[in-house]
Amino acid sequence: MSEAASGVLAASMWSWAALVSDPVRATRQAARARGEALVVDATPPTPGGGPLLSRTQRGPRLLDAPTKNDGLVEEFDRLAEAYDFYVRPFSVPLFSEALDMLAPLLTPDARVLDAGCGPGRELRAVARRVPDGEVVGVDLAAGMVVGAHRAAWAAGLDNTAFVQSDVGDLPRDLDGAFDLVYNCLAHHHYPDPAAAAAGIRRCLRPGGHYAIIDPGPQWFVRLASALSLAGDPGWIGFHTPEQFRVLLEGAGFVDVRWYDLLPGFGIALARVPD
């Protein structure tokens, strides 16, 4: 990844947010103010799972052996402190819109997994919405996991826990544990999307949901792929809504749907059968 390409990518992200995403989001917020229900058509498992790891785990759980994909996250580890600032102007409005869309699934006692938590900004927002539940953050980059843990505890969010793990090889003690698994701008970094989808399905309860917040429309995938390849550390590839459907149905999910969020981005939402 070249520094010049990263600079162009960062400038593009900031410009896209200011010129395209923010005006569209303002329109959507106005629609909500008029009473329009811009939310996913989904029902969570009840009751929610409540706390689990946060009751006993006071520090981040780190791997004690290297993984085959460590090389993909070396850049993220090196940039752990700066990454949040780098993506914030772009990711904050996108995830704020996603939170509003996912509101029916974020019950106060929901147990949630962030599968690619990075520095934990999105995770902290979710934790505030599930005060009687829990959010567990998973990331393969140790620096991200440590930094996200520190930030969450500094914010007084003790309903959080953090685990260093490859999303394609999630710990077995997470099997069947979660009501909702999500990722935000992380799926295009997964080296093996099929393994990740299968592992995430394994970690969900019957009736639980998987939400992927990422680029999707074909026009945007074509526009953004070349720049992402050159400037986004660890970028693997985007999926279109149809590709998400094939991927998630292949992993055993049902009711796979695509919800538009902001121009170029949306949520691929799928459910584990009851």
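Here are some friendly notes on the fold, the cores and a few backbone details of this predicted model.

1. Ground rules. Because the model is predicted, local features need pLDDT of at least 70 and side-chain atom pairs count only at pLDDT 80 or more, while totals for chains, interfaces and linings use all residues. Residues are numbered from 1 along each chain as its sequence is written, and side-chain values use heavy atoms, with hydrogens and water left out.

2. Overall fold. The protein chain holds eight helices and seven strands; these are DSSP runs (helices H or I, at least four residues; strands E, at least two), numbered from the N terminus. The C-alpha atoms fill a box of roughly 50 × 45 × 40 Å along the principal axes. For 274 residues, a compact globule would have a radius of gyration near 19 Å, and the 17 Å of the protein chain agrees; the radius is taken over C-alpha atoms, and the rule is 2.2 Å times the number of residues to the power 0.38.

3. Burial and contacts. Of the 274 residues, 53% count as buried (under 20% relative accessible area; exposed is over 50%, partly exposed in between; 1.4 Å probe, protein chains only). Take the contacts between residues at least 6 apart in sequence: 79% of them join residues at least 24 apart, a contact being heavy atoms within 4.5 Å.

4. The largest nonpolar core. It has 45 residues, and Leu102, Ile213, Ile267 and Leu269 have the most contacts inside it. A nonpolar core here is a set of buried Ala, Val, Leu, Ile, Met, Phe, Trp, Tyr and Cys residues joined through side-chain atoms within 4.5 Å. Elements that each supply at least two residues include H1, helix H3 (80-101), strand E5 (204-215) and strand E7 (265-271). The largest share, seven residues, comes from H3. Apart from this core lies another, of 31 residues, with Val136, Leu174, Phe178 and Ile212 among them.

5. A closer look at Ile267.

6. Backbone details. A cis peptide bond joins Thr46 and Pro47, with omega about -10 degrees; Pro47 is found in the loop between helix H1 (3-33) and helix H2 (74-78). Two residues other than glycine have positive phi: Leu185, near 55 degrees, and Asp255, about 50 degrees. Leu185 sits in the loop between strand E4 (178-184) and helix H6 (193-203) and is buried at 15% relative accessible area. Asp255 lies in strand E6 (residues 254-260) and counts as partly exposed at 42%.
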